[in-house]
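This report describes a structure of two chains. Please read it alongside the sequence and the coordinates shown below.

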Amino acid sequence: MPIEYLKETPSQTGGPYVHIGTMPAFAGLEIRQEEQQHVIPGPGERVRLVGVVWDGSGHPLRDAMLELWQADSAGRHNAPDFSGWGRAAASSETGEWEFDTIRPGVVPWRDGTPQAPHVSLLIFARGINIHLHTRLYFPEDEAALAADPVLRAVEQTGRRATLVARRVEGGDVPTYRFDIRLQGEGETVFFDM
Amino acid sequence: MSHTTLPAGGGSNFGPGAAGNVIKRDRALHAPAFTPGYKTSVLRSPRFALVSLEPGPGENAGPRFDGKILAPLENDLIRNYAKTGEAVGERIIVFGRVLDETGRPVRNTLIEVWQANAGGRYRHKNDAYLAALDPNFGGAGRCMTDDDGNYFFRTIRPGPYPWRNHGSDWRPAHIHFSLFGDAFAQRLVSQLYFEGDPLVPLCPILGTLPDQDARDRLVAKLDMKMSVPFDSLAYRFDIVLRGRRQTFFENKPEGH
């Protein structure tokens with residue numbers, strides 16, 4: 001008889017009202033009004049990450065909630081002065097979301113080879129049965145992107161570009177646009193890690 | 001570009017635990033992305049296969065939340081939004097243990113819950129269901145597991161409500177929940193249901209799950225022994241997150 005492990009509790013969609021439990025002020029509750037979960041304070045170069053999650057018909061998801069996880073500017077997780085974690089709600093009108101964070105440093109992969117600087121993103125929304133996991137990389141790091149062990153695990157080389165954000169003009173800090181396409185042409189790479 | 005060298009399979013450089021890699025997620029226990037019985041999934045499901053990798057240092061680490069962020073009543077949804085009195089509805093306590101796949105308790109981890117009120121209405125700017133809002137009910141709660149992985153919160157049993165899917169489908173009474181564990185790879189958001197609810201077998205969202213065993217594991221069980229006499233019924237609901245391998249099963253950096 002095989003060894004029995006406990007079975008992971010099955011995931012279910014966060015639903016359209018996910019904000020009540022995760023970003024209550026956004027839902028309209030009169031609590032935790034001061035929270036700015038999309039702003040991740042800490043030492044380092046400030047950057048802004050913006051985008052939209054698009055469905056398979058090219059329509060924006062206006063109920064999505066995104067979570068971000070990243071290293072600090074020295075490539076450390078859980079550093080004492082940087083949480084590395086944030087949350088953003090897509091706009092109920094346009095689907096635009098935004099994070100204000102710092103440029104992450106280099107984190108070594110399992111074998112010690114450096115990964116290109118990136119942030120990890122999780123997407124929760126109505127119609128998404130189990131959260132989707134993707135990564136946002138920065139376009140300037142061309143050599144590091146070419147050597148990144150996770151990008152190189154994407155066999156279809158043409159799909160790797162779906163994980164690289166685009167620098168956009170304007171803004172008081174460097175701003176990057178990252179469109180996430182759930183389905184169809186240019187479908188974003190999602191991970192099972 | 002210089003970088004700090006971490007041991008292969010290492011977790012965070014700060015914080016507890018020289019723990020091993022999080023074990024691969026068994027996707028057969030979860031719903032697939034494309035579940036046409038739940039219509040919204042049709043345009044929101046990737047068509048390409050997920051790219052599978054062992055979790056790296058960033059995925060084996062994860063955000064940490066201090067219990068000190070919680071206000072005293074956050075685990076009491078009957079009183080945490082009270083304006084003129086307590087929330088209306090059937091008073092219940094939901095409690096249980098959070099374990100990982102290997103049976104280890106998941107300690108001091110944040111649980112977030114949200115739900116509709118007793119009439120099936122959410123306090124959310126986008127919910128326009130005709131049932132009335134309860135001025136004394138917000139529907140959001142948070143708690144931390146203790147050193148043995150135990151958690152509990154007090155609330156009212158949420159009402160069922162109609163939603164647009166196959167015409168008007170009805171959601172069974174349910175409470176949404178969110179857990180972090182201690183690794184990014186352990187993240188879990190799901191919903192708990194109530195034993196004996198006749199809407200449970202009819203729910204298209206529960207119907208996305210692969211089998212009856214998976215659906216049963218989302219149903220909280222009435223526990224009369226833990227019910228509070230003349231006050232609240234109790235429902236037990238245990239939660240399992242992905243586990244970690246022991247570090248001595250990990251590949252050595254120079255290995256294959």
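**Basis of the description**

This is a predicted model, in which local features need pLDDT of at least 70 and side-chain atom pairs count only at pLDDT 80 or more, whereas totals for chains, interfaces and linings use all residues. Residues are numbered from 1 along each chain as its sequence is written, chains are lettered from A and ligands numbered from 1 in the order in which they are written, and side-chain values use heavy atoms, with hydrogens and water left out.

**The sheet of chain A**

Four strands of chain A form an open sheet in the order β3-β2-β5-β6, with antiparallel pairing. Helices (H or I, at least four residues) and strands (E, at least two) are DSSP runs, numbered from the N terminus, and two strands pair if DSSP finds at least two bridges between them. The edges of the sheet are β3 (85-89) and β6 (132-137) of chain A, each of which pairs on one side only. From one strand to the next the twist averages 25 degrees, with axes being lines fitted to C-alpha atoms and angles running from 0 to 180 degrees between N-to-C directions.

Strand β2 (residues 65-69) of chain A is largely enclosed by the rest of the structure, because five of its five residues are buried; buried means under 20% relative accessible area, exposed over 50%, and partly exposed in between (1.4 Å probe, protein chains only). Both faces of β2(A) are covered, with A:M65, A:E67 and A:W69 buried on one side and A:L66 and A:L68 buried on the other.

β2(A) pairs with β3(A) in the antiparallel sense over five bridges, and A:L68 stands opposite A:G86 in β3(A). β2(A) also pairs with β5(A) in the antiparallel sense over five bridges; in β5(A), the bridge partner of A:L68 is A:L121. Strand β5 (residues 118-124) of chain A and β6(A) pair in the antiparallel sense over six bridges, and A:H118 has A:Y137 in β6(A) as its bridge partner.

**Individual loop residues**

A:R32 lies in the loop between α2 (24-27) and β1 (46-54) of chain A. B:N108 lies in the loop between β2 and β3 (110-114) of chain B.

B:L73 is found in the loop between α1 (57-60) and β2 (91-100) of chain B. B:L73 is partly exposed, with a relative accessible area of 35%. Leaving aside neighbours within four places in sequence, B:L73 is in contact (heavy atoms within 4.5 Å) with B:R79 and B:N80.

**Annotated segment of chain B**

In an unreviewed entry, UniProt places the feature "domain: Intradiol ring-cleavage dioxygenases" at residues 94-122 of chain B. UniProt positions are given in the numbering used here, feature names are shortened, and annotations may be inferred rather than shown by experiment. Over residues 94-122 chain B is 0% helix and 41% strand.

**The interface**

The contact takes 72 residues from chain A and 91 residues from chain B. About 7500 Å² is buried between chain A and chain B, and carbon and sulfur atoms give 58% of that area. Buried area is the accessible area (1.4 Å probe) that two parts lose on being put together, summed over both.

Across the interface of chain A and chain B the rule finds eight salt bridges, each a side-chain nitrogen of Lys or Arg within 4 Å of a carboxyl oxygen of Asp or Glu. The side chains of A:R135 and B:E59 meet in a salt bridge (2.8 Å, N to O).
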